[in-house]
Every structure is written in structure tokens, then in C-alpha cells.
Amino acid sequence: MADSKDISPGKNDDLFLKCRSTLITGVLLPDKKRTDIWYDETGTIRATGPDIACIHRNEADIILDGSGFLAMPGLVNTHTHAAMTLLRGYADDMHLQQWLSEKIWPLEAHLTGEHVYWGTKLACLEMIRSGTIAFNDMYFFMKDAALAVNESGIRAVLSHGIITFGDEGKMEAELKATEDLVHHVRSLNTSRISSAIAPHAPYTVPPQHLEMCAEYSKNEKILIHTHLAETKQEVDDCQKSFGMTPAALLDKAGCLNERTVAAHGCWLSEEDCHLLGKRGVCVAHNPVSNMKLATGRAMPYHWLREKGVNVCIGTDGCSSNNNLDMLEEMKIAALCQKFFWNSDTLLPAAEALSMGTSRGSAALGYHGGEIKEGMPADIVLISLSHPSMIPLHNPVSNIVYSANGSAVDTVICQGKILMYNRYIPDEEEIIAGTMKSAGDLLSRAGIVE
């Protein structure tokens, strides 16, 4: 058993090697109550309360002094493209379709599995540093992404992005890539990583191929991860081509159900929101990306909540955000809703926090997002001495409206310590590898900076 004063970064890297029975003493919770938290080597919280340290001190392998910290559930990023960290800052301040067709897709054509591995490693590093312990990812070369995630120690739902534009041969190849990923993820034999099928959007995957995705999701009992109603143009085009909204088209194809996570939803109608609620769909709000790309309308949070939709939060990829800081994203989600819908009471801080934690874990299909007995030990310790946390009139307000990733001190996922006292063991190696990989990607594309 080691007291926290004996644990010094760089000298106790074995602290990060595996999950061990851990006691966190005297930590503050968002409701301003002090508590002890004890979890065992399975990574499950076994007890919380003010007197737990007295009972379980002798059972703990590690004791962390939580007196200077606030404990909150780990954050959950429900929509991103992790390896796009390699494209951060590469193309900004452009129209969406021009950005995709002239910059992003041409560069992505030169991607290799090695690029995706390093880009995902960097994404995991950035997410850990800012308190995220789980993410929902859609990209390419996803077996390489799975390796990066497994090494990082955080949770992920991984999916190969399917884009066919009606090409049958392309659909066959995309399904094969998805099947390979599903089988590979299962072979890893870890509860932290699962897979999904990811038809990119109704405007890139036609109805007959959407139906195939829905059937595969049903048979394999995996999530569907897709983009929905991000722009007015895609809604108008869908109405013109099919006589219905993208949400209705997905529903007709069988893609809307309790296993579906749909990103963006900026241009959903009230009728669409009713449909999503009826089908049990989860919607990922991506305010920073949507505002940066000027999608023209904020996701109608008020309608979605009225219709019982589980609304969560995502950052989107680093090429359109440009970071993965979920603390920042929660704040902007709340501000975006208040500003666009002219309602200063819409999406209060407590709801934003639940969107970034418990609602996110529900969207990804696992029980989490709370610090209580029986829940996974997915715990983030926020420094109470960080300037953004002072004074502490309202901890929840501080978390959502004033803190950012720099306030995160310690991150624990499924009981394993991933960052302690802002220290992550392999950070320098990840940064060096990613910088080299980003340069190689540009070189392959014939781009000189």
C-alpha cells in the first residue's frame, strides 16, 4: 500500500501498468459533499462515503489523497474522427463542401494504417489530458486505431466509415472492412473496446445500402454511427430526391433505433425529433464544429429533449473543431443553444454535464457516468487550486462554464490510472511519433509546408 505522497511521476510508472485496488480519500463531489471512493482490481466502484477510508484502508494497494480535488465521472465524446488530429490546422475557414472535396478527402486518400495509428494515439493522449475516458469513432484503417486505443487504456466504439455513392462494389468492400473490424475487436477480448457500423450519411450512402447496414447492425447487435441533418442543403436534396427528410429516410431503411448514434442534427424538424424519440435514437451535439463550419442552425435541443431523445455531446474531428476538449465542448454546447434559440435558461450547466457523462455512456451502450457503488471506476480529478475553479460557489457551474482541460489532474478509466498529477508515461514518444507521421502524410500527398 502506498500513500499518495510516495507516488511521484517518472519514478513510479508501475502505477500506470494495471488496475489495482485503490482508495481515494476526502475528495469533493459536484454536489459539494466530501467522500472517499474505493474501487477494486476489477475496476468497479465498491463503496463511496465519508467513512470508507476507515473500513477499506488496509485493502487498498494505492491510496490517493483527494482533499485538493473534485471528483467527477469521466467524459464521453460521442462523435469524433480521432485520427484527424493529423489534419489539425491543415484546412480552416472554408465552405463545408469545398473543405471536404478540395482539402480533406484528397489528403485522406494518402492515409495509411500507420498514420491512423499515430493520429489515434495523439487523440487518445489529448482526450486523457482533458478528462475524456470514452469516445465514439468513425474513420478508416480502424484495426490500427484499435491498437492505439488498446494501448491508451481508454474506452472506444470504433467503426469504419462507409461511403458508397451507390457503387455496389464499393459497398461490398466497405462491408468487408466492417466485418473485419468487428471480428478483430472481439478478438481483443476487452470490454473497453467495441465496434459499430457507420454509414456516413444518407447523402453518401443510398437507401439500399443503408438497409444492408441496418440488417448487419441487427444481426451483430452493434451500434449504428452516422451523420444526420448537418446542413440545410442535405435536407433539401433529400426532400427533392426522395420526398422525405434524411431522418425519415434513415427510418425507412431501418437505421433508426435504440442502437443508433446520429451526429449533428442541426436541421432536424420538430417531426424528425418526434421520430427520433419514438425510435430511441441518441443524438450527438457537436456545437464547435457546427459553428465553425457555419451550418446555419443550432441543433434543436429543446425539441429533442421534449420528445425524450437522449442528447449527448461530441467534438467531431480535429480538422473541424480543432481540439478534443470535452470540457470546452460542454460550455459551448450550452452557450450555442442559449444564443441561437434566444433562451437564457435553455441547456443549464447540470444538463450539459450529464450530456458529457451519463448520457454519453448510455449512448455508447454501457452503464457509467456516475460515481457510485457498482459503476465502473471512470473517474476524473479536477484540481481545486486551478484558477478556473476558484471560488467554488457552484462546482457544476465551474466545471461547465469556467474549467478546461488544463484543470484535469488525474484520469482513471475502468480503475486503471492513465494520468496522475498531469503525467502520462509515454507522452513524449506519442508526440514525436505523431509529428513524424503527419510529415509523412503531407509528403505522400506532395504537399510542402
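Reader: In this predicted model, where is the place of Ala-294, and does Ala-294 count as buried or exposed?

Author: Ala-294 lies in the loop between helix H10 (287–292) and helix H11 (301–306). Although Ala-294 is not a glycine, its phi is positive, at about 50°. Exposed means over 50% relative accessible area. Ala-294 has a relative accessibility of 61%, and therefore counts as exposed.

Reader: Where is the place of Asn-342, and is Asn-342 buried or exposed?

Author: The loop between H12 and helix H13 (349–356) holds Asn-342. Asn-342 is not a glycine, yet it has a positive phi of about 50°. Because its relative accessible area is 70%, Asn-342 is exposed.

Reader: Which residue does a cis peptide bond join to Ile-390?

Author: The residue asked for is placed in the loop between strand E14 (379–383) and helix H15 (395–402). The cis bond has an omega of about -10°, and it joins Ile-390 to Pro-391.

Reader: What is omega for the cis peptide bond that joins Asn-321 and Asn-322?

Author: Asn-322 is found in the loop between strand E13 (310–313) and helix H12 (326–340). The peptide bond that joins Asn-321 and Asn-322 is cis, with an omega of about 20°.

Reader: Does Asp-144 count as buried or partly exposed, and which residues does it touch, not counting those up to four places away in sequence?

Author: Asp-144 belongs to helix H4 (residues 142–152). Buried requires under 20% relative accessible area. At 28% relative accessibility, Asp-144 therefore counts as partly exposed. Leaving out residues up to four places away in sequence, Asp-144 touches Gly-113 and Tyr-117.

Reader: At what angle do helix H3 and H4 pack, and how far apart are their axes?

Author: Two packed helices are described by the angle and the distance between their axes. H3 passes H4 in a right-handed crossing. The contact includes Gly-113 and Tyr-117 of H3 and Asp-144 of H4. Helix H3 (residues 113–129) packs with H4 at an angle of about 30°, and their axes are 8 Å apart.

Terms used: Residues numbered from 1 in each chain as written. Predicted model: local features only at pLDDT ≥ 70, side-chain atom pairs only at ≥ 80, totals over all residues. Heavy atoms only, no water. Helix = DSSP H or I, 4+ residues; strand = E, 2+ residues; numbered from the N terminus. Buried < 20%, exposed > 50% of the residue type's maximum accessible area, 1.4 Å probe, protein only. Contact = heavy atoms within 4.5 Å. Axes fitted to C-alpha atoms, helices over the stretch in contact; angles between N-to-C directions. Left-handed = near helix turned anticlockwise from the far one by under 90°.
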